[in-house]
Amino acid sequence: GGTYILGQDQDRPGGGFDASQAYVGDIAEFNLWDTEVDARDIQRVKDGTYPGNVIDWRNAQVQTFGNVRTSQYLIDPTSTITDGAAPDFEKGTGVAPERPRPSPPERPEAEPFSYTFPEPQSKFNYVEIRDPKFFNPTDFTIAWHMRTDSTGTGTVFSYATDQQDNEIEFYGSRADKVFT
């Protein structure tokens, strides 16, 4: 198995974090499947009604660290994002717009929620997903919603094993608007 982290690049499983690689912004509806999600299920993914079979966002056991906070998240994939473009999930621009986020005291069970990774970037702000199923990272699908106004986007997600510290990593640069 491996270690699943939101908001940080892992230089070793579950650690070796660097503030300059930290994500700043919101992450919601992060799901992981151990197969390709087919075209007929894409709408269910967009609507938040098709949970991942490795990581099921709304039911995953997680631990938050640092100043990461939980907020209500209202799914509206038809809204416009802040630069005026409509989200297009098929082209990978499914970024949700800014919206009010009341801060409930605890994570709502099975209700849409997001994690907010605040500025400034910090090696202490991250979320560890504790209960995913084991999977072979050769065939998989990951889908998530995110929003950031940060000038340095950082690492949204990393999966590390004892054999490979960046088995899977999504790191973005706001200037490039690309995630690799």
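Predicted model: local features only at pLDDT ≥ 70, side-chain atom pairs only at ≥ 80, totals over all residues.
Entry 1: Four strands make up an open sheet, and I read their order as S4-S5-S2-S7, with antiparallel pairing. Strands S4 (69-72) and S7 (141-147) are at the edges; each has a single partner strand, so one side of each lacks a neighbour in the sheet. I noted a twist that averages 35° from one strand to the next.

**Entry 2: the pairings of S2.** I then looked up how S2 is joined to S5 and S7. Strand S2 covers residues 25-33, and four bridges connect it to strand S5, residues 113-117, running antiparallel. Within that pairing I found Ile-27 opposite Tyr-115 of S5. Between S2 and S7 there are six bridges, and these two strands also run antiparallel. Here Ala-28 has His-145 of S7 as its bridge partner.

Entry 3: Is S7 enclosed or open to the outside? Seven of its seven residues are buried, so S7 is largely enclosed by the rest of the structure. I sorted the side chains by direction: Thr-141, Ala-143, His-145 and Arg-147 point one way, while Ile-142, Trp-144 and Met-146 point the other way. The residues on both sides are buried.

**Entry 4: the core.** Next I listed the largest nonpolar core, which has 25 residues. Which members touch the most others? They are Tyr-4, Leu-6, Ile-27, Phe-30 and Phe-157. Strands S1 (3-6), S2, S5, S6 (126-129), S7, S8 (154-160) and S9 (168-173) each give two or more residues to this core. As background, nonpolar side chains in soluble globular proteins tend to be buried together.

**Entry 5: the surroundings of Ile-27.** I set aside the neighbours within four places in sequence and looked up what else Ile-27 contacts. The list reads Leu-6, Trp-57, Ser-114, Tyr-115, Phe-117, Trp-144, His-145 and Val-156. Tyr-115, in this list, is also the residue that stands opposite Ile-27 in S5.

**Entry 6: Trp-57 and its aromatic pairs.** I counted 13 aromatic pairs in the structure. Trp-57 and Phe-113 are stacked, with 4.9 Å from centre to centre and 15° between the planes. This pair links distant parts of the chain: Trp-57 is in the loop between helix H1 (42-47) and strand S3 (62-65), Phe-113 is in strand S5, and 56 residues separate them. Trp-57 has a relative accessible area of 4% and is buried; Phe-113, at 0%, is buried too. Trp-57 also pairs with Tyr-115, this time edge-to-face, at 5.4 Å centre to centre and 75° between the planes. Tyr-115 is in strand S5 and Trp-57 in the loop between H1 and S3, so the pair ties together parts 58 residues apart in sequence. I checked burial for this pair as well: both Trp-57 and Tyr-115 are buried.

**Entry 7: the aromatic cluster.** I noted one cluster formed by Tyr-4, Phe-30, Trp-144, Phe-157, Tyr-159 and Phe-170. Tyr-4, Phe-30 and Phe-157 are also among the core residues that touch the most other members.

**Entry 8: the whole chain.** Last, I took the totals. Of its 180 residues, 46% count as buried. For contacts between residues at least 6 apart in sequence, I noted that 74% join residues at least 24 apart.

Conventions:
Residues numbered from 1 in each chain as written. Heavy atoms only, no water. Buried < 20%, exposed > 50% of the residue type's maximum accessible area, 1.4 Å probe, protein only. Contact = heavy atoms within 4.5 Å. Pairing = 2+ DSSP bridges. Axes fitted to C-alpha atoms, helices over the stretch in contact; angles between N-to-C directions. Core = buried A, V, L, I, M, F, W, Y, C linked by side-chain atoms within 4.5 Å. Phe/Tyr/Trp six-rings, centres within 6.5 Å; stacked < 30°, edge-to-face > 60°.
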